[in-house]
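Here is a short report on a sheet and the cavities of one protein model. Keep the viewer open while you read.

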Amino acid sequence: MTTRYKGLIERYRDRLPVDSNTPVVSLCEGDTPLIQLVNLPATTGKSVEMYVKFDGMNPTGSFKDRGMTMAVSKAAEKGAKAIVCASTGNTSAAAAAYAARAGMTAFVLIPEGKIPMGKLAQAMAHGAVVLQIRGNFDDGMKLVKEVAGEAPVEIVNSVNPFRLQGQKTAAFEIVEALGKAPDYHCIPVGNAGNISGYWIGYSEACGHNTASCTLCNGDCPYLENKLTESRPVMVGYQAAGAAPFLRGEPVSEPETVATAIRIGNPQSWDLAKAAVSESKGWFDEISDEELLVTHGLLASREGVFCEPASAISVCGALRDIKSGKIPEGSVVTCTVTGHGLKDTDTAIAGADPVVTIDADLASVKSAILNHI
Ligand SMILES: *Cc1c(COP(=O)(O)O)cnc(C)c1O
């Protein structure tokens with residue numbers, strides 16, 4: 001028996017809408033580390049168990065791979081030759097990579113000048129047709145939905161339900177790693193697909209057989225096979241300049257340094273609202289200044305290098321633990337959605353400058369002694 005990990009579709013085949021006719025397009029995504037934080041929780045003065053689900057460790061460096069393996073496999077099953085998405089960067093990187101593997105063409109619409117170079121490099125290297133639009137993500141999303149009705153292309157944004165099916169597997173992995181569901185799950189919210197996917201995953205993991213459940217209407221297919229007894233409280237954090245869930249309506253000119261969540265009109269609005277209200281959770285907003293501090297601390301104090309948008313989950317969790325909103329003794333998981341190498345400009349701008357010295361022993365020695 002081979003033990004080689006073959007990606008999340010093979011791992012969770014019995015819990016995903018695939019069958020023997022589905023050509024699995026995989027880069028061995030999923031199975032990402034759940035890393036316990038050892039230094040930052042103490043800064044709250046409270047005692048909690050805090051973990052990051054480092055989904056930046058997926059093959060293209062973000063959780064989007066979880067959804068993309070499903071979306072592209074199902075597109076291949078239909079015989080699609082091309083896929084299309086709007087993206088703040090990571091969806092385009094994932095779409096480009098999975099399309100390359102499947103022998104399809106990926107068309108990606110990105111906002112002009114607003115995506116970090118790492119992400120653009122990925123889409124270009126994997127051979128996507130990159131269409132830079134003079135508009136933002138929400139403009140791109142609207143266009144993608146329109147063009148899908150007029151050209152033979154499959155949408156692989158999270159409005160494609162197979163995306164959320166793939167993304168729900170992160171919740172399964174967390175439940176398996178902890179041996180139970182966490183008490184709180186904190187997550188960045190942009191287009192709101194991921195929080196919705198996690199809620200589906202946690203709900204299926206506990207065989208959510210409640211009549212009020214909007215997902216199964218009291219008829220959960222996984223009741224016999226439950227992995228855990230409870231679901232976490234879901235907490236969604238948005239950047240203050242792109243926080244439609246806090247405003248109660250779409251935001252027309254979203255702005256934030258966290259480009260991955262620079263989204264004003266989330267497509268999974270209803271699902272995300274339901275996840276938060278059914279779990280008795282909440283949405284909150286975080287300023288760019290605050291999230292950048294946590295972005296730096298995660299790298300410099302925990303060794304976890306993520307992109308700015310990803311740090312918002314940890315930033316919000318620390319704030320809510322400190323205030324007592326998340327009570328002491330809780331087990332808290334935070335999704336860290338994307339890798340820090342995606343956006344090196346922001347990381348370098350926020351870090352201590354490089355020290356330039358002469359190439360001699362005295363200079364090296366005094367530089368070291370200066371820093372001890
Ligand atoms: C896509 C993305 C998000 C936002 O996820 P949604 O499903 O759009 O809410 C957050 N962080 C990163 C790094 C992303 O790529």
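In what order do the 6 strands of the open sheet lie? The order is S1-S2-S10-S7-S8-S9, and the pairing is mixed. Strands are DSSP runs (E, at least two residues), and helices are runs of H or I of at least four, both numbered from the N terminus. Two strands pair if DSSP finds at least two bridges between them.

The model is predicted: local features need pLDDT of at least 70, side-chain atom pairs count only at pLDDT 80 or more, and totals for chains, interfaces and linings use all residues. Residues are numbered from 1 along each chain as its sequence is written, and side-chain values use heavy atoms, without hydrogens and water.

S1 (34-36) and S9 (282-286) are the edge strands; each has a single partner, so one side of each has no neighbour in the sheet. S7 (residues 184-188) runs parallel to S10 (residues 331-336), paired over 3 bridges. Cys186 has Cys334 in S10 as its bridge partner.

Now the cavities. The structure holds 2 of 30 Å³ or more. A cavity is a set of points on a 1 Å grid over the protein atoms alone where a 1.4 Å probe fits but cannot get out; lining residues have an atom within 4 Å of a point. Volume is the space filled by probe spheres set on the points, which are joined across faces, edges and corners.

| Cavity | Volume |
|---|---|
| Largest | about 270 Å³ |

Of the 25 residues lining the largest cavity, Phe63, Lys64, Gly190, Asn191 and Ala260 are the closest to its centre. The second largest cavity is lined by Thr88, Pro111, Lys114, Ile115, Thr259 and Arg262.

Key. 1 Å grid on protein atoms, 1.4 Å probe; cavity = no way out; pocket = protein on both sides within 12 Å on 5 of 7 lines; lining within 4 Å.
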